[in-house]
Amino acid sequence: MNSFKWFVFAAAFVLCFLSCKQHHEEYHGVMDKIEAEGKQYHGVSVSSEDYLQGIETIEITEGDHTFLIPERKSHIKSFKCTECHTKPLKELQKGFYKKAHWDIDLDHANTNTMNCVTCHDANNMDALKSLTGNSVDFNKSYNLCNQCHTKQFEDWKGGAHGKRIGGWAPPRAAMTCVNCHNPHKPHFESRWPARYNTQKVKERE
């Protein structure tokens, strides 16, 4: 009788152990657990839509990330480029004409590395072009930047680089490279703070 009780106790223990073990190993890893439990998440009441009012956006998908970016072409004052560039670039460069884009100072890379036609398509002025000659739409100019700035691009796709519109609230919207950087002169200039701290100056005297 005692051995029978021991057998029942042992069987109950094994069943309990297996049940607990199965519960703990329901997920194979942390990411599996996050993904599974995330399906129960139905979002928040906060939205970025209030911050997007007055901004025309387009939806893009880069890798596993789909989000909104500001539409760009309607804000380029000299677009379409073919309104002025009615001839091939080589013909326009002939003669002693005043430089058309006199206000653009290209300060992006070494002049042996980059010039205007590195990014602009001499055969189709209404489009940009990649280093391999593929056409790139002006609205997706970040595809030019990511050829050299791959780390920043990956961070931008994930939301770690650049400015998000409306924070992390859905729908996700983000500024692009050219919304913050001048593509012809991308580095930020040094500048004084907006408010000069006169109190600190007095304390140092």
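In which helix do Lys-157 and Glu-154 both lie, and how many residues apart are they? Both lie in helix α6 (residues 150–158), three residues apart, which is about one turn of the helix.

The structure is a predicted model, in which local features need pLDDT of at least 70 and side-chain atom pairs count only at pLDDT 80 or more, whereas totals for chains, interfaces and linings use all residues. Residues are numbered from 1 along each chain as its sequence is written, and side-chain values use heavy atoms, with hydrogens and water left out.

## Overall architecture

The protein chain contains eight helices and four strands, where helices (H or I, at least four residues) and strands (E, at least two) are DSSP runs numbered from the N terminus. Read from the N terminus, these elements follow the order α-α-β-β-α-α-β-β-α-α-α-α. Of the 205 residues in the protein chain, 20% are buried; buried means under 20% relative accessible area, exposed over 50%, and partly exposed in between (1.4 Å probe, protein chains only). Among the contacts (heavy atoms within 4.5 Å), those between residues 24 or more positions apart account for 49% of the ones with a separation of 6 or more.

## Salt bridges

Side chains of opposite charge can pair when their charged atoms come close. A salt bridge is defined here as a side-chain nitrogen of Lys or Arg within 4 Å of a carboxyl oxygen of Asp or Glu, and by this rule the count comes to four. The table includes three of these pairs.

| Pair | N to O distance |
|---|---|
| Asp-137 and Lys-73 | 3.0 Å |
| Lys-157 and Glu-154 | 3.3 Å |
| Lys-185 and Glu-189 | 3.4 Å |

The pair of Asp-137 and Lys-73 links distant parts of the chain, 64 residues apart: Asp-137 belongs to the loop between β4 (135–136) and α5 (142–145), and Lys-73 to the loop between β2 (65–70) and α3 (89–92). Asp-137 is partly exposed because its relative accessible area is 34%, and Lys-73 is partly exposed as well, with a value of 24%.

## Nonpolar cores and surface

A nonpolar core is a set of buried Ala, Val, Leu, Ile, Met, Phe, Trp, Tyr and Cys residues joined through side-chain atoms within 4.5 Å. The largest one has eight residues, namely Ile-76, Phe-79, Cys-81, Met-125, Leu-128, Val-136, Phe-138 and Leu-144. A second, separate core of seven residues includes Ile-69, Tyr-142, Phe-153 and Trp-156. Leaving aside residues up to four places away in sequence, Leu-128 touches several others, including Cys-119, His-120, Asn-134, Val-136, Asp-137, Phe-138 and Leu-144.

The accessible surface of the protein chain comes to about 16,700 Å², of which 55% belongs to carbon and sulfur atoms; such areas come from the Shrake-Rupley method with a 1.4 Å probe, and for residues only the protein chains shown count as cover. Val-30, Met-31 and Ile-34 make a nonpolar surface patch of about 350 Å². Patches are made of residues with over 30% relative accessible area and no salt bridge, with like charges joined within 9 Å and nonpolar side chains (Val, Leu, Ile, Met, Phe, Trp, Tyr) within 5 Å. Val-30 lies in helix α2 (residues 30–38) and counts as exposed because its relative accessibility is 63%.
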